[in-house]
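Subject: The structure for you to look at

Hello,

Here is the structure I promised to pass on. Please open it beside this email, and then read on for what turned up.

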Amino acid sequence: MKQHKKGLALWIGAVLLLLAGALMAGTSGRTESVQEAMRDAVLHNINQVSLLGLRAVNPGLISAFVVTAFLLAAAACIRVFAIPRFQYIPGKFQLLVEEAVGLFDRMAKSNSPHRFGFLGAYIFAAGAYIFVGTLFELLGLQAVTVHGHPVTLPAPLSDVNAAIAMGTLSYLVILSGGIAGNGPKGVGKTLKEFSLPISMSFRLFGALLSGLLVTELVYYFVSLSFILPVVVGVLFTLLHALVQAYVLTMLTALFYGEVSEVTHKPGRKG
């Protein structure tokens, strides 16, 4: 019991020392204002990264390439090395994979029981990309901008272009379900939800960008950049990774099931 109290006292003392040092440090001394720092976090028009020496691009595009390569490599390794060794009594890794696949498969079946094969595969891929891509920013990988300054690679979907691409792709998947289920009539049913890709895109972009902006604001001031950014960054990132992956996949499955359901005309009596 005494050891626990001693350890707690040391921990509190270390925290107080860090806070005292933060308060004594004052402001950050950055040349750019906080408005410029946050504007660049949205538009990425200053801290751009060279893409293989071809052109300057947003750091989010580099993040998207890294996350996509990681997911493809992980999928290939699981298929080649892990799945052939799966057993009737699952181990921990097999149970984790089966639960992840089963979660999205059940979501697809419950929302689109008449047509769920492709839907389950898509929402699993989309959910995995959003979840892993959001957690990617926790790694803090660095890149060098075209101006020679270091910059931390953000989550891919914190770039509005990536969010629009994900929302548009999900809408096209919903449109394909409507065509497969009802032919040309399915196109009309899907086009009624013309605001869906916009809402999906900006929901993703706004949620992930809010965490990025809060973290940028905390890091901007030296007096806040001790301990607090770790708590804020991890909590925002984990929350957004879970919530946004669930929201987009659920909306896609829900609308896909609605537009792909076969409509029957009432028969005439007599």
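Accessible areas here come from the Shrake-Rupley method with a 1.4 Å probe, and for residues only the protein chains shown count as cover. On that basis, the chain has an accessible surface of about 16400 Å², with 70% of that belonging to carbon and sulfur atoms.

Two notes before you go further. This is a predicted model, so local features need pLDDT of at least 70 and side-chain atom pairs count only at pLDDT 80 or more, while totals for chains, interfaces and linings use all residues. Residues are numbered from 1 along each chain as its sequence is written, and side-chain values use heavy atoms, with hydrogens and water left out.

**The chain as a whole**

The chain holds nine helices and four strands. These are DSSP runs numbered from the N terminus (helices: H or I, at least four residues; strands: E, at least two). Of the 270 residues, 34% are buried; buried means under 20% relative accessible area, exposed over 50%, and partly exposed in between (1.4 Å probe, protein chains only).

Helix 4 covers residues 92-111, and its 20 residues reach 29 Å from the first C-alpha to the last, close to the 28 Å expected. That expected span is 1.5 Å times one less than the number of residues. Among the buried residues of helix 4 are V97, F104 and M107. L103 is also found in helix 4, but L103 counts as partly exposed, at 43% relative accessibility.

How many aromatic pairs does a search of the whole structure find? The search finds one. The rings of F104 and F124 have their centres 5.7 Å apart and their planes at 80°, so this pair is edge-to-face. For the cut-offs, rings of Phe, Tyr and Trp (its six-membered ring) pair if their centres lie within 6.5 Å; planes under 30 degrees apart are stacked, over 60 edge-to-face, and the rest tilted. F104 lies in helix 4 and F124 in helix 5 (residues 117-135), so the pair ties together parts 20 residues apart in sequence. F104 is buried at 13% relative accessibility, whereas F124 is partly exposed at 32%.

**A patch on the surface**

F131, L239, L242 and V243 form a nonpolar patch on the surface, with about 350 Å² of accessible area together. Helix 9 (residues 228-260) gives the largest share, three residues.

Happy exploring!

Conventions: Patches are made of residues with over 30% relative accessible area and no salt bridge: like charges are joined within 9 Å, nonpolar side chains (Val, Leu, Ile, Met, Phe, Trp, Tyr) within 5 Å. A salt bridge is a side-chain nitrogen of Lys or Arg within 4 Å of a carboxyl oxygen of Asp or Glu.
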